[in-house]
Amino acid sequence: MTDAGERRNFYGRIRGKTLRASQKDYLAEDLGPLTLRGVTREDNPTRAPLDIGFAEGRPLWLEVGFGGGEHLVHMAAANPQVAIIGAEPFVNGIAMLLGKIRGAGVTNLWLHPGDVRDLFDVLPDACLSKVFLNYPDPWPKARHHRRRFVTREHLLPLARVTAPGSEFRVATDIPDYVRQTLEEVPPAGFDLVRQAGPGEAWEDWLSTRYEQKALREGRAPHYLTFLRR
Ligand SMILES: C[S@@+](CC[C@H](N)C(=O)[O-])C[C@H]1O[C@@H](n2cnc3c(N)ncnc32)[C@H](O)[C@@H]1O
């Protein structure tokens with residue numbers, strides 16, 4: 001658990017292009033009911049553990065930085081026997097996800113519309129059994145590598161909230177991100193069990209917007225799978 005008073009820097013984008021009227025409606029109508037209570041500091045200043053009763057005893061999965069939400073909705077629809085949380089602070093991505101949730105009619109998906117580190121603070125120990133990190137922000141400049149997700153600041157809290165045997169999947173198109181992932185994830189408590197390249201994604205993979213952009217621009221996907229020790 002981090003210091004309850006800690007404020008974190010977030011270097012990514014929170015807002016993008018002007019939202020369409022339909023997206024504003026999704027945010028106004030659907031975001032509230034799908035948002036987990038007790039995650040933000042305002043909502044839970046003492047950082048008490050989150051009540052995960054919403055999962056109703058089902059396995060609990062997490063997607064970090066779901067972007068436009070296509071992979072998250074795909075996983076929710078393909079796995080109705082699990083409860084799945086998505087964390088993403090980018091409002092335009094959240095609005096896109098909400099539209100997709102309406103389209104797919106999934107009911108096993110919950111949201112933290114913010115920084116996943118705030119969610120890590122309050123998730124109970126070992127409550128997650130699968131975590132997806134698809135195309136995390138690359139932070140290409142060497143002086144920014146410490147902002148990457150695959151650093152102790154994120155990985156140690158991730159290790160605390162994942163159960164032994166949990167799967168942690170990382171997809172990236174950046175060779176230096178693969179390097180840092182292979183260096184930093186195992187010491188945090190995860191064993192590499194699979195490292196794959198283009199055309200060798202997971203069987204249940206759904207390609208994301210960012211992956212499509214990377215492919216158009218000639219960058220190759222890498223798919224890494226770890227298991228929590
Ligand atoms: C390069 S985009 C990839 C989006 C999506 N996963 C895809 O493959 O299309 C990385 C995403 O991670 C999100 N992100 C960055 N830091 C985050 C954090 N601390 N918590 C949750 N999401 C975060 C960003 O807002 C952004 O949408």
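**Note on the predicted model**

1. Residues 24 or more positions apart account for 81% of the contacts in the chain with a separation of 6 or more. Two residues are in contact if their C-beta atoms, placed from the backbone, lie within 7 Å.

2. Some ground rules. This is a predicted model: local features need pLDDT of at least 70, side-chain atom pairs count only at pLDDT 80 or more, and totals for chains, interfaces and linings use all residues. Residues are numbered from 1 along each chain as its sequence is written.

3. Overall size. The chain has 229 residues and a radius of gyration of 17 Å, which agrees with the value near 17 Å for a compact globule of that length. The radius is taken over C-alpha atoms, and the globule rule is 2.2 Å times the number of residues to the power 0.38. Along the principal axes, the C-alpha atoms fill a box of roughly 40 × 40 × 35 Å.

4. Secondary structure. The chain has seven helices and seven strands. Their order along the sequence is α-β-α-β-α-β-α-β-α-β-α-β-α-β. Helices (H or I, at least four residues) and strands (E, at least two) are DSSP runs, numbered from the N terminus.

5. Helix α1. It covers residues 21-34, 14 residues in total, and reaches 20 Å from its first C-alpha to its last, close to the 20 Å expected at 1.5 Å a residue. The expected span is 1.5 Å times one less than the number of residues. A kink of about 30 degrees is centred on Leu 27. That bend is the angle between axes fitted to the seven residues ending there and the seven starting there. One of the 14 residues of α1 is buried, so the helix lies largely in the open.

6. Burial and core. Of the 229 residues, 35% count as buried. Buried means 20 or more other C-beta atoms within 10 Å of a residue's own; exposed means 12 or fewer, and partly exposed is in between, with C-beta atoms placed from the backbone. The largest nonpolar core has 52 residues, and Val 64, Leu 72, Ile 84, Leu 97 and Val 131 touch the most other members. Helix α3 (residues 91-104) gives the largest share of this core, six residues. A nonpolar core is a set of buried Ala, Val, Leu, Ile, Met, Phe, Trp, Tyr and Cys residues joined through C-beta atoms within 7 Å.

7. Leaving aside neighbours within four places in sequence, Leu 72 contacts Glu 63, Phe 66, Ile 84, Gly 86, Leu 97 and Leu 109. Val 170 sits in strand β5 (residues 162-172). Val 170 counts as buried, with 26 C-beta neighbours inside 10 Å. Not counting residues up to four places away, Val 170 touches Leu 133, Thr 181 and Leu 224.

8. Ligand shell. The ligand is surrounded by 21 residues, the closest being Gly 65, Gly 67, Tyr 135, Thr 208 and Tyr 210. A residue is near a molecule if its C-beta atom, placed from the backbone, lies within 6 Å of it. Helices α4 (116-122) and α7 (209-216) each supply at least two shell residues. Helix α7 gives the most, with three.

9. Backbone check. Tyr 135 has a positive phi of about 50 degrees although it is not a glycine. Tyr 135 lies in the loop between β4 (128-134) and α5 (152-161) and is buried, with 21 C-beta neighbours inside 10 Å. Glu 56, also not a glycine, has a positive phi of about 50 degrees. Glu 56 lies in the loop between α1 and β1 (60-64) and is exposed, with 8 other C-beta atoms within 10 Å.
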